[in-house]
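Trainee: Please put the model up. I would like to work through its chain contacts with you.

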Number of protein chains: 4
Amino acid sequence: MIFFNCDYNEGAHERILQRLMETNMEQTVGYGEDAYCQKAAELILQECQAPEADVHFLVGGTQANLTVIAAALRPYEGVLTADTGHINCHETGAVEATGHKVLALPGRNGKIRAEQVREAVRSHREDPSFEHIVKPGMVYISNPTEIGTIYHKGSLGKLYEACKECGLYLYIDGARLGYGLAARDNDLDLPFIARHCDVFTIGGTKMGTLFGEAVVITNPELQKDFRYMIKRQGGMLAKGRLLGIQFLAMFEDGLYYRLGEHADEQAMRIKHALIEAGCNFSFSSSTNQQFPVLSDAKLKKLSEIYAFSYWERVDEHYSMVRICTSWATKTEDVDALIRDIQNL
Amino acid sequence: MIFFNCDYNEGAHERILQRLMETNMEQTVGYGEDAYCQKAAELILQECQAPEADVHFLVGGTQANLTVIAAALRPYEGVLTADTGHINCHETGAVEATGHKVLALPGRNGKIRAEQVREAVRSHREDPSFEHIVKPGMVYISNPTEIGTIYHKGSLGKLYEACKECGLYLYIDGARLGYGLAARDNDLDLPFIARHCDVFTIGGTKMGTLFGEAVVITNPELQKDFRYMIKRQGGMLAKGRLLGIQFLAMFEDGLYYRLGEHADEQAMRIKHALIEAGCNFSFSSSTNQQFPVLSDAKLKKLSEIYAFSYWERVDEHYSMVRICTSWATKTEDVDALIRDIQNL
Amino acid sequence: MIFFNCDYNEGAHERILQRLMETNMEQTVGYGEDAYCQKAAELILQECQAPEADVHFLVGGTQANLTVIAAALRPYEGVLTADTGHINCHETGAVEATGHKVLALPGRNGKIRAEQVREAVRSHREDPSFEHIVKPGMVYISNPTEIGTIYHKGSLGKLYEACKECGLYLYIDGARLGYGLAARDNDLDLPFIARHCDVFTIGGTKMGTLFGEAVVITNPELQKDFRYMIKRQGGMLAKGRLLGIQFLAMFEDGLYYRLGEHADEQAMRIKHALIEAGCNFSFSSSTNQQFPVLSDAKLKKLSEIYAFSYWERVDEHYSMVRICTSWATKTEDVDALIRDIQNL
Amino acid sequence: MIFFNCDYNEGAHERILQRLMETNMEQTVGYGEDAYCQKAAELILQECQAPEADVHFLVGGTQANLTVIAAALRPYEGVLTADTGHINCHETGAVEATGHKVLALPGRNGKIRAEQVREAVRSHREDPSFEHIVKPGMVYISNPTEIGTIYHKGSLGKLYEACKECGLYLYIDGARLGYGLAARDNDLDLPFIARHCDVFTIGGTKMGTLFGEAVVITNPELQKDFRYMIKRQGGMLAKGRLLGIQFLAMFEDGLYYRLGEHADEQAMRIKHALIEAGCNFSFSSSTNQQFPVLSDAKLKKLSEIYAFSYWERVDEHYSMVRICTSWATKTEDVDALIRDIQNL
């Protein structure tokens, strides 16, 4: 069985493990206050051209999301998101568990637009019962989105502008950020992102670390006492250096970007093979997640060898699946898959 | 100015005040453990033909909703509701503040149907990521709904059946229950309601008390330690007898029902006048809330004398408003309004 | 049976009921935005000589406490209190329910001192693990305290100074404030209190209203969006004017103060009778709550006619009880009690 | 500098890293549902002789504590603990963040006794205001405690018996369990522990894994839907196998126990050297944490080479420090420390 079902099937890039081996018996202080975390943070800030930002390393994405959101909002505020947003769909109410409503807006290709944000805020403000309605306090987006689509300088810039106009924070969940940055049609880079949001994450787990998300807080208002929040929410790793070492390995010579490129390239190869085979795609993704619509017969055939994520039934005879590549995807496995697509 | 904008503009029915006066200097124990609360509870249980149920008196509706829901759900469970549900729209995230997600379903006339509940539960159970998704634990409906519509024996019976099949609690918010019971097309009564849900409220505030909602818990699973929950959520009234005295006054000779009838009757008179005047109605309500669509010119005219709740703009020239009658509505005020509608 | 067990056995002062009667059928807007609430707020601010402060009216004390504390603290902050503080002992964890730790300090006569606050903050700051420890964010005191003792200008002034030095908010729970202000040895007044804390309450429930606590927010930092918080916590009364009308009646001609004086006077009479009868007192209270130590034999005798609150066993033969007077205490009942004490 | 300040200065035992290397490129399902987690769970249950128990792997101790406690308690319930308990002191209010009060009892040597639990429950039940007081729902202990002391069959057995009598769950935080099991005076083993509590953890982080706590739930009442709770609290690791692989390495041939023995042995050597040098000890610990009282002069001298945790000032000239050994402590470092103690 060859797994194309998600991007965290394997362990970590070999360099990560090597670094963990090399540093294993060093004695360091705990809880992320060691020299590795400090160096990794500096490196990330350099990449972001954001020397005044803060970087914190957390183990997982849900943890990062709930901690950032709970730290940023006043108790009666909620967070706007596309209806497909990870915090709305797949975190078992982790944000609500911190007391905040998730305010879902209808997404278009998994994304929300500046106008939607403005309209949501206007509609709240003009409602005579506004105090009886959760106040929007933050916008959450993911890039790439949960369906593989990406924001561009235009759309992100406008969204940030709308947020600032409306007094909202903008938070970008970058669980798969590397796959977004490597997309052929991408025009974002870390410095642009850092200048066009209040806080964002650079995901490690899905990009080749064992685990870990770097939370980059560019807005000084959100920086104060963030470590208290991490500890309160149960997210402070005792051997915090494990996070620093991994992100250091990722960013010391651009490995992070290269792994993103590899995955996207393989995803594009599969996508083209599917297009040539006559498949439709529900979303136009240029990143490592592809959502083709396959006839059940063809799906059954491919599923004998390859594991995909079943997404949803399209009609009586067709289903949509998710095909994921990752930093770990082997070119020969993609070769095989393409051959089998061609022979369907 | 004559107010038809909501059903809590006045104080309380005169009998309520009289009873409060009569009992004012009696010394009783606090926190709802006095003889008046006990008698009122007994009376209500008798009306409900539910001798094994528990009755608790809370001051307000949001308080009742959040306390019931937080008491019933496990931390990772959410509550299904119509998208127009009060807990979803007008409680400033009070349910989320207790850590629970509100799971909105598209309502039809403010109501949800048994099939929607079954489908929501099925879809959750069959999702391979089910543990990453908030688990439905309760269904919340209001009767009448926020737009004045009501459930019938058929629809409520099926909904309750679906809940039991799916392992969900059914909670009925009866903030305006009396107006529902008095509707011409209503076939529900308290005993039927008590047998077809796990917990419900009988609203006082909008029905002629100064304040107060009676929470009737018919499912023994939800009865344990409920008073702890009330206190924890800040909802335990020191002079609890004020609640008992008021509900006693309401139910000792059927005043509650008569007040409902009065309001609905007046609402129907207004409705018919509006229909005759050629108005459209967005929802078919037979209770004390009516939602006519009026031309802006006519609305402006009427608004010189009468206050309505502005609901939403329908198009360039028309708006929907809410017209509310209540236990306190004067027949002569309705006469005047009808005359003015006829003369528009 | 004559009740001296607490100060909320009766309904309300007759003037309150009269005012509710007089205004009963007026139509007003809801949720505390009516003219009565506005006038009552103005009157209170005038009494406090604090024209810039905000006043909000809530139904109950626990509700007021949890709403104020949850509004003021960041998620990882806690509230310092004497171990006997109401929020620590008798609110079923209502503060913890909003996510905040109650940080109990050993009280002396129910009070905490400036040095204790400074020491708590110093100890937190100097701890190398400070981020792993709840950060003090607020000091909660009650005046009178839960055991009837009061703060003076000296002690309150120093406490407030310590709070400002340490970056903490000071919150005074004035559930029985009127009984404190009327005490013989009291030197506080509303303007001094308003200038020496960030937020405080003026309690109505125990002072002769049916219910109601006025929350006075003097620190502008705490004023923003407080009504959202009230609604979120389930504390917004639909017929909010009931609160305004009651506080108006209390403050329009000093009734509030006179009721406090009456209760304290009666309490002093009982206290002196007990002292003459050779009773010891655990706490030196000059307000309406007295805590004599009585032999079980004498207690049994008195309990045939009078109800007290049993507080705790002192030794094999003696118990401490709480004897409460209130705005409603009849002089002749106190006469009778004194006679029976003298004849023990 | 040689670090004796805590037991998580290094990475992981070499075997752990080796296993992670060997399995690194295998493709497995995520979120702890892989074969490694399953095997590790089976092994642990075998060690515990508790085939019916459930095992879940979480990343950290605070996370494990807050998830277990929030899963077990009803909203109005609190958790009893020694005042020195980790949940009370060093988790930034993580338990309160889930809405529950931590009920601290005065510890003796960091432990609480059966009588204290019975008394706390009795005192709550007999209080006439019991519904206004947080209800004890669980007892939390740690073994070894935060100050290195351990429970024995007698004390643990009685505590569990008291819990069952009182209707409380007993939870044992075993963050350092291996150091407890290896103590010379220990008589506990995993099967006894599993039979005498409702849920406990077997700590990895401080015992030689990179991270990880195994939560063993023996009481079936607590087993249902626990994975939802993990996800909701942000504690579900995407590459869950990392936890399974580590615990497998720890338990496949008793490595866990041997690492505990090594650390305790080294701690005893240091302890004896200190005793011979005339030091006093505040607590009688037989595990890897020792708390000697040292003169400031001697402490300063030793601190030139060795790092300890400063605990507290004892008097003008003496301080208490914590000296920790661990699975990673080198015998030659202990030799050097002992020599330097002898030469003080």
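What follows is a short exchange on interfaces, symmetry and charge pairs.

Mentor: Ground rules: this is a predicted model, where local features need pLDDT of at least 70, side-chain atom pairs count only at pLDDT 80 or more, and totals for chains, interfaces and linings use all residues. Residues are numbered from 1 along each chain as its sequence is written, chains are lettered from A and ligands numbered from 1 in the order in which they are written, and side-chain values use heavy atoms, with hydrogens and water left out.

Trainee: What area is buried between chain D and chain A?

Mentor: Contact means heavy atoms within 4.5 Å. On that rule chain D gives 43 residues and chain A gives 43 residues. Buried area is the accessible area (1.4 Å probe) that two parts lose on being put together, summed over both. Carbon and sulfur atoms give 59% of a total of about 4,000 Å².

Trainee: How many residue pairs are in polar contact between chain D and chain A?

Mentor: Take salt bridges (a side-chain nitrogen of Lys or Arg within 4 Å of a carboxyl oxygen of Asp or Glu). Between chain D and chain A their count is zero. A polar contact is a pair of N or O atoms within 3.5 Å; within protein, one must be able to donate a hydrogen and the other to accept it, and residues adjacent in sequence count only if both atoms are side-chain atoms. With both residues at pLDDT 80 or more, the count of pairs in polar contact is 24.

Trainee: What rotation superposes chain D on chain A?

Mentor: Copies are superposed by least squares on the C-alpha atoms of residues with pLDDT of at least 70 in both. The RMSD is 0.0 Å and the shift along the axis is 0.0 Å. The same surface serves both copies, as 100% of the contact residues of chain D recur in chain A. The rotation is 180°.

Trainee: Where does E252(A), the partner of R15(A), lie?

Mentor: Over all chains there are 68 salt bridges. In one of them, the side chains of R15(A) and E252(A) meet at 3.3 Å, N to O. The two are 237 residues apart, with R15(A) in helix 1 (residues 14-22) of chain A. Helices are DSSP runs (H or I, at least four residues), numbered from the N terminus. E252(A) lies in the loop between helix 10 (241-251) and helix 11 (255-276) of chain A.
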